[in-house]
Structure formats: structure tokens, C-alpha cells
Amino acid sequence: MFYTRLKTIRIVYVTAGLLAGLFLVSCERNKSTSPEARQRFEGIIPKPVSANMTGNTFTLTEDTKVVTSGSVEGVDNVARFLIDKLKPATGFNLEKSSDGKEGKNSILLSISKDAELGAEGYELTVSEDQIKITANSPVGLYWGAQTLRQLLPAEIENSKSAANASWEIATGTIRDYPRYSWRGSMLDVSRHFFGVEDVKRYIDLISLYKMNVLHLHISDDQGWRIEIKSWPNLANIGGRTQVGGGKGGYYTQEDYKEIVNYASSRHITIIPEIDMPGHINAALVSYKELNPGPSINREPASARPNRPVAGQVYTGTEVGFSTLDVRKEVTFKFVNDVLRELAAITPGPYLHIGGDEAAVTKKPDYIAFINRFKDIVKANGKRMVGWEEIAQGDVDSTVIVQHWHSQQYARMAAEKGAKLIFSPAQKVYLDMQYDSTSKLGLHWAAYIEVDSSYMWDPATRVDGIDASQILGVEAPLWSETVVTMDDIEYLVFPRLPGVAEIGWSKSDGRDWNEYKVRLANQAERWDVLDIDYYRSPKVPWDTSVDQQDNKKDTTSTASK
Ligand code: TNX
């Protein structure tokens with residue numbers, strides 16, 4: 001009797017223990033989404049097409065496997081990218097498997113057929129024990145991987161040492177694809193030179209926000225920045241200085257290839273720009289024979305003593321004083337050689353020929369130039385891109401016109417059937433000051449605060465342009481006042497993520513008041529990435545979950 005009771009008690013205890021254990025296990029598996037993980041899921045930039053949470057948590061551990069399926073080239077690279085990105089902060093050396101088995105605790109990358117997702121879209125599904133990214137192409141998987149980074153705590157961006165964090169991701173499904181195929185930024189490496197490592201960092205920063213184009217402005221009055229083997233003085237002499245008289249520099253063709261390869265591993269196309277027929281002084285300094293002949297009316301230096309003289313080294317910031325000469329055959333030998341060498345080391349389909357502010361080129365000469373550039377670019381198997389002034393030439397549907405200032409030129413380009421990219425100076429010139437107190441930048445177009453650079457739409461910016469002709473957006477950073485990587489970061493952040501969102505996300509429902517909270521939430525990521533951003537008073541920076549819980553004052557106006 002006594003024995004039976006004891007046995008019963010023991011059974012009760014054991015059962016209770018088992019049940020409690022089971023309960024704990026299931027709690028662990030069904031851990032509800034933390035406020036922080038929820039905030040990250042809702043805070044992705046650019047905003048996804050749809051994002052629905054299911055309330056639980058996936059936790060990345062050292063046993064999580066990255067699994068690929070299918071044999072499409074490039075999928076493995078995305079797996080590698082993800083493993084490499086997650087390693088420093090987590091300290092985990094995640095195992096990679098290509099057997100396509102959807103095991104527990106895995107991140108599965110697989111190619112699917114899903115017409116709605118298009119060339120670059122992806123679907124990301126997070127459940128308690130698995131993450132699955134599917135896309136039609138490796139580039140879609142790559143954007144899915146970038147979204148995954150934003151779903152993890154900001155400490156994931158620590159590339160130097162393991163961080164103390166619980167790697168939790170909210171469960172749910174994100175379906176996402178871009179509005180425009182051209183989402184870019186331009187870096188002016190001519191006015192001030194930036195080396196390969198800086199360009200790589202820039203590539204990583206724009207890639208985080210799913211930009212896929214980097215336009216490099218590699219020649220201008222102040223400096224020529226690319227080795228051209230058939231015209232060696234261009235780099236050797238033309239690359240010797242920069243604005244303010246510093247030492248300048250240039251990329252060897254090997255350096256350039258390294259940039260192109262790095263960009264391509266981040267699914268970014270490099271578009272090199274040789275600015276012609278104006279903005280060409282560095283070439284005129286390098287080769288005397290390129291200077292215009294007597295048929296070009298040049299005002300005597302004495303007429304405007306402070307005006308730069310074409311053909312002499314120039315380290316100031318004035319524009320529109322130099323030109324090539326359309327009547328000299330050597331001009332076209334030069335253009336042919338430069339574009340041929342550049343095309344050979346540029347895998348992307350575009351060459352940018354500049355074409356802006358050719359103030360001392362006569363109009364008929366200018367048009368003749370553009371038409372010949374177009375043929376030369378075509379003969380090298382590329383498509384011509386140029387600033388909006390090229391609309392005056394015979395531009396057709398193969399040509400891409402970059403709108404920066406004049407609505408008239410944008411419409412002219414559209415009427416001729418050209419494609420357009422939008423870089424309105426008053427909105428997305430990243431070299432414009434935020435306000436009159438900004439420590440860097442110019443303001444000839446406008447002062448551009450973060451809200452203003454976000455509040456515009458390419459489809460309605462210029463009347464009379466059919467949506468089908470708009471390829472996308474590009475935010476240029478001219479570097480007259482920009483000397484260091486910190487300077488770059490100060491002007492680019494926090495404006496660039498907004499331009500990326502304009503290029504990626506649909507326009508209906510896009511709203512500054514909603515966006516500014518997501519933007520503020522990115523700041524802790526920028527801190528970990530050591531980005532020297534501008535703390536705009538327009539952005540409610542203190543929106544972290546902790547801060548909200550403590551009901552702290554949310555006005556922060558400090559400027560870095
Ligand atoms: C205009 S916009 C330029 C550049 C200057 C920039 C400074 C355009 C196509 N040309 O040469 O660097 O303004 O904001």
C-alpha cells in the first residue's frame with residue numbers, strides 16, 4: 001500500500017517534470033517576437049513590397065547551417081557572402097552545405113520561378129527553425145541576404161570582434177522587388193582622389209541599401225584618374241594634383257579591375273565617366289596637342305584675370321572653361337583610344353561621356369561631338385550615358401540621359417526616345433549642404449535637409465515623361481569640398497538610404513513621417529559600422545525600444 005502510494009507520487013512527479021520540461025522546450029521554440037526584433041522587421045530600408053510577422057523568433061546559433069540548392073552559378077557566392085558577413089560579430093563559422101536539404105536550424109538559399117519577383121526580387125520566410133530565401137536569380141538572393149542583415153541586431157555589423165548579442169530574428173514573410181532597375185550613386189574621384197579601399201567601403205555602404213550602380217566620375221578639369229596605356233601622360237601628369245593642390249592620384253588598370261570585381265561581387269555595375277568635351281583640362285595639361293586650335297575663340301587671359309586658363313594645371317573649383325576641339329583629328333584618336341581601353345576593362349554595358357557644362361564649346365560643335373561619341377561608344381559595344389545636355393544631339397532609345405537641372409532637356413531626351421535617370425540637383429546632389437551651418441558642401445542648387453531629399457518622386461518630377469522611359473535614380477557626390485572618407489560619410493548619410501528607397505520602393509504610401517522613424521533606427525547600425533553621419537534635427541534619433549520605454553526626450557539636435 002505504502003509502496004503503491006510512493007510509486008504514484010513518483011509517477012506524478014515524473015509526469016509533472018516531463019510536462020514542465022516540454023513546456024519549457026516549447027516556450028523556447030515558440031519564443032515570441034521581442035520588441036527589438038519587431039522594430040527591426042518593421043524598419044527595413046528600402047521598405048519591402050510586403051512584410052508580415054508571425055509573432056515568434058528564429059535564433060541564429062553556431063549550429064545554423066547555410067544550405068544552397070540547385071546549381072545556378074552565383075548562388076554559392078551569396079552563401080559565402082552571408083557566412084563571411086555573419087562571422088566576425090557572431091564568432092560563428094557557419095557550415096555551408098549544398099545538398100539543398102531543408103534541415104532544422106538552417107538558412108536555405110534557393111532559386112525558384114516566381115514571375116512577380118522579377119530579376120532582382122526575393123522572398124524571405126523566417127520560421128522558428130528555418131530561414132528560407134528564394135529568388136529567380138543570385139542577385140535576388142543577395143538582396144534577400146542584405147535584408148536578413150537588417151533583421152539581425154545592429155551588432156551584426158561589427159567586423160572587428162565578436163559582439164555580445166542574442167541573434168534573434170522575428171518570424172514572418174517578406175516579399176520584395178524593386179520599382180526601378182537603376183538605383184545608383186556617383187562618386188567624383190577627380191576633384192579629390194579616393195583610393196581603392198575607400199571606393200570598396202563606399203560600395204559596401206550603398207549595397208546595404210540595395211543600390212546596384214556606382215558611377216565613377218574619373219576625369220575632370222582638376223584630375224585624370226585612370227591609367228590609359230596608349231596615352232600615359234593622362235594619368236602620370238593629369239593625375240598629379242587635385243582641388244586645393246594636394247597630391248591627387250589615379251587608378252592603374254589593375255586597380256580599376258579590382259574595383260569592378262569587388263563591385264560585381266556586390267551585384268553593383270561600375271559606370272566610368274570620362275567627362276567631354278568640356279571638363280577636360282587635365283587632359284589638355286597632359287597633351288598639348290589636344291588644346292584647341294586658333295579656330296576656337298578663346299578669350300585672352302587678361303580679359304578675365306581670375307578665370308582659369310585652359311591648358312594650365314587647375315586646382316580651383318570653377319567649371320566650364322575647357323574644351324576639346326572638334327576640328328582636330330587627334331581629338332578623335334584620343335577619344336577612340338580612351339573609350340576603347342576603358343570598354344575593355346569595364347564589363348558593364350555602359351560608358352558615360354559626361355557632356356555637361358561645355359560652356360566654351362560652340363553649340364554646333366557640341367552637337368557634332370555628342371553624335372560622334374555615340375558612334376564610338378556603340379562601336380565599342382556599349383551604351384552611351386551622358387548628362388542632360390546631350391539631349392541636344394541625336395540621342396535615341398539606346399542612349400541614357402541623366403537629368404540634373406533642366407526640365408527642358410529631360411523632355412527633349414524623352415521626345416527623342418532616350419531613357420532617363422533622375423539626379424535632380426535640388427533633391428539628390430549629396431554635395432549640397434544640409435543647411436547654412438553645414439561644415440561641408442556647396443549650396444548652388446539648394447540646401448537639402450534629409451526630409452527634402454526624400455520627398456520627391458521620379459515619375460512626377462518632370463511633366464510629360466512616360467514612366468516606361470524612366471530607368472531610375474542616381475545620387476551624385478561631387479567632391480570639391482570632400483577630402484576624406486569621413487567627409488563622404490557626413491554628406492551621404494543620412495540622405496542616401498532615402499534615395500535608395502525612392503529607387504526601390506513603390507511610391508504610394510511613401511511618407512516622411514513614417515520613414516523618419518525607420519531612418520532613426522538605422523543609426524545604431526551606422527555607429528557599429530563607424531559611419532560619420534550627420535545627426536539631422538529632422539530625424540527623431542532616439543527611437544530605440546529602450547528609449548521609447550523610458551519615455552525619454554526625443555529631440556536631438558546635436559550635429560557631429
Ligand atoms: C555641377 S551637375 C556639375 C559638377 C560640379 C557640381 C557641384 C554637373 C553635371 N556638373 O561639375 O561638381 O555641379 O555641385
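**Labels and their grounds**

Modeller: Glu289 has 39% relative accessibility, so Glu289 counts as partly exposed. Bear in mind that this is a predicted model.

Colleague: Why is 39% called partly exposed?

Modeller: Buried means under 20% and exposed means over 50%. The value for Glu289 is 39%, so the label is partly exposed.

Colleague: Where is Glu289 found?

Modeller: Glu289 is in the loop between α8 (281-286) and α9 (329-344). Its C-alpha atom is 8.5 Å from that of Thr331, and 42 residues separate the two along the chain.

Colleague: Which residues gather with Glu524 in a patch of negative charge?

Modeller: Glu155, Asp486, Asp527 and Asp530 gather with Glu524 on the surface. Patch members need over 30% relative accessible area.

Colleague: What makes strand β8 mostly covered?

Modeller: Seven of the seven residues in β8 (residues 182-188) are buried. Trp182, Gly184, Met186 and Asp188 point one way, Arg183, Ser185 and Leu187 the other, and all are buried.

Colleague: How do you know that β8 pairs with β15 and β9?

Modeller: Pairing takes at least two bridges. Six join β8 to β15 (residues 470-477), in parallel. Five join β8 to β9 (residues 213-217), also parallel. Both counts meet the cut-off, so both are pairs. Ser185 stands opposite Ala475 in β15, and Asp188 has His217 as its bridge partner in β9.

Technical notes. Residues are numbered from 1 along each chain as its sequence is written. This is a predicted model: local features need pLDDT of at least 70, side-chain atom pairs count only at pLDDT 80 or more; totals for chains, interfaces and linings use all residues. Side-chain values use heavy atoms; hydrogens and water are left out. Patches are made of residues with over 30% relative accessible area and no salt bridge: like charges are joined within 9 Å, nonpolar side chains (Val, Leu, Ile, Met, Phe, Trp, Tyr) within 5 Å. Accessible areas come from the Shrake-Rupley method with a 1.4 Å probe; for residues, only the protein chains shown count as cover. A salt bridge is a side-chain nitrogen of Lys or Arg within 4 Å of a carboxyl oxygen of Asp or Glu. Lys and Arg count as positive and Asp and Glu as negative; His and the chain ends are not counted. The place of a charge is taken as NZ of Lys, CZ of Arg, CG of Asp or CD of Glu. Buried means under 20% relative accessible area, exposed over 50%, partly exposed in between (1.4 Å probe, protein chains only). Helices (H or I, at least four residues) and strands (E, at least two) are DSSP runs, numbered from the N terminus.
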